[in-house]
Amino acid sequence: MAKATADEKILSYNDVVLRRSDLDILSGPHFLNDRIIEFYFSYLESCYPSEDILLVRPSIAFWIKECPDIGSLKDFVEPLRLSCRKLIIFPVNDNTDLDIAEGGSHWSLLAFSRDANVFVHHDSSGRGMNKEHAKRVYKAVVSYTDTRAAYLECSSTPVQTNGYDCGIYVTAIARCICHWYRSDGPKDSEDLWFCAIKEQVSPFAVSDMRSSILELIRSLMANQ
């Protein structure tokens with residue numbers, strides 16, 4: 001009975017279905033699963049609608065990283081139209097097992113800026129835990145962007161203060177980058193969104209972000 005309650009569908013948002021167990025994850029000090037990140041990326045796309053921006057779903061980013069052959073990768077990546085995008089955000093997970101859909105123990109974020117011709121990896125561990133995983137995503141997709149974009153490990157990424165908020169940092173950094181991209185004013189091709197992240201993504205802001213996502217889901221539930 002408890003399992004049935006946990007699996008209960010509570011919200012359908014765009015193409016994402018959330019379950020009762022997702023509320024429990026957000027309510028406590030827990031590691032985010034794929035569904036919550038997928039939901040929030042879908043929400044950001046609704047907030048910042050643009051053909052220039054692509055927020056890649058966790059399952060797709062995982063398959064890109066672990067795809068066993070080039071032919072399958074091409075069929076999978078080409079529909080994403082990466083060569084047409086100016087800003088692409090990938091959630092990166094350290095899972096390497098294709099048989100475990102929601103495995104892994106750490107999230108980070110890889111962002112591509114066409115204007116700056118660079119992929120930037122933001123890892124809140126402070127120890128580069130996902131560096132090799134992010135590089136695998138970069139190497140798999142860079143040719144599909146029709147660029148020779150460089151790879152940059154961002155040393156100024158805010159560091160999480162516990163072992164479970166990495167996914168929340170991914171959502172907070174993704175929101176910050178999207179807002180930076182759509183905001184008015186000149187864009188520094190070297191500093192990019194780094195100052196904005198330093199100012200907006202703090203341990204307090206991340207704690208508030210967890211509560212904000214939970215309240216957003218409850219609000220959407222009430223209105224569906």
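Start with the inside of the protein: the largest nonpolar core has 50 residues, and Phe39, Ile89, Ile177, Trp193, Ile213 and Ile217 are the ones touching the most other members. Helix 7 (residues 166–182) supplies the largest share of this core, with twelve residues. Keep in mind that this is a predicted model.

**The cores**
- A separate core of 24 residues lies apart from the largest one, and its members include Ala61, Ile64, Val77 and Leu110.
- Ile177 is in contact with Leu87, Ile89, Leu109, Ala111, His122, Trp193 and Ile197, once its neighbours within four places in sequence are left aside.

**Helix 3 against helix 9**
- Helix 3 (residues 34–47) packs on helix 9 (residues 203–223) at an angle of about 75°, and their axes are 12 Å apart.
- The two helices are therefore roughly perpendicular to each other.
- On the helix 3 side you'll find Ile36, Phe39, Tyr40 and Tyr43, which meet Met209, Ile213, Leu216, Ile217 and Leu220 of helix 9.
- Sorted by class, that contact comes out as nine nonpolar residues, with no polar and no charged ones.

**Arg35**
- Arg35 also sits in helix 3.
- Skipping residues up to four places away in sequence, Arg35 touches Val16, Val17, Leu18, Arg19, Ser21, Asp22 and Glu102.
- Arg35 and Ala196 are 161 residues apart along the chain, and their C-alpha atoms are separated by 26 Å.

Methods. Residues numbered from 1 in each chain as written. Predicted model: local features only at pLDDT ≥ 70, side-chain atom pairs only at ≥ 80, totals over all residues. Heavy atoms only, no water. Axes fitted to C-alpha atoms, helices over the stretch in contact; angles between N-to-C directions. Helix = DSSP H or I, 4+ residues; strand = E, 2+ residues; numbered from the N terminus. Parallel < 35°, antiparallel > 145°, perpendicular 65-115°, else oblique. Contact = heavy atoms within 4.5 Å. Nonpolar A, V, L, I, M, F, W, Y, C, P; charged D, E, K, R; others polar. Core = buried A, V, L, I, M, F, W, Y, C linked by side-chain atoms within 4.5 Å. Buried < 20%, exposed > 50% of the residue type's maximum accessible area, 1.4 Å probe, protein only.
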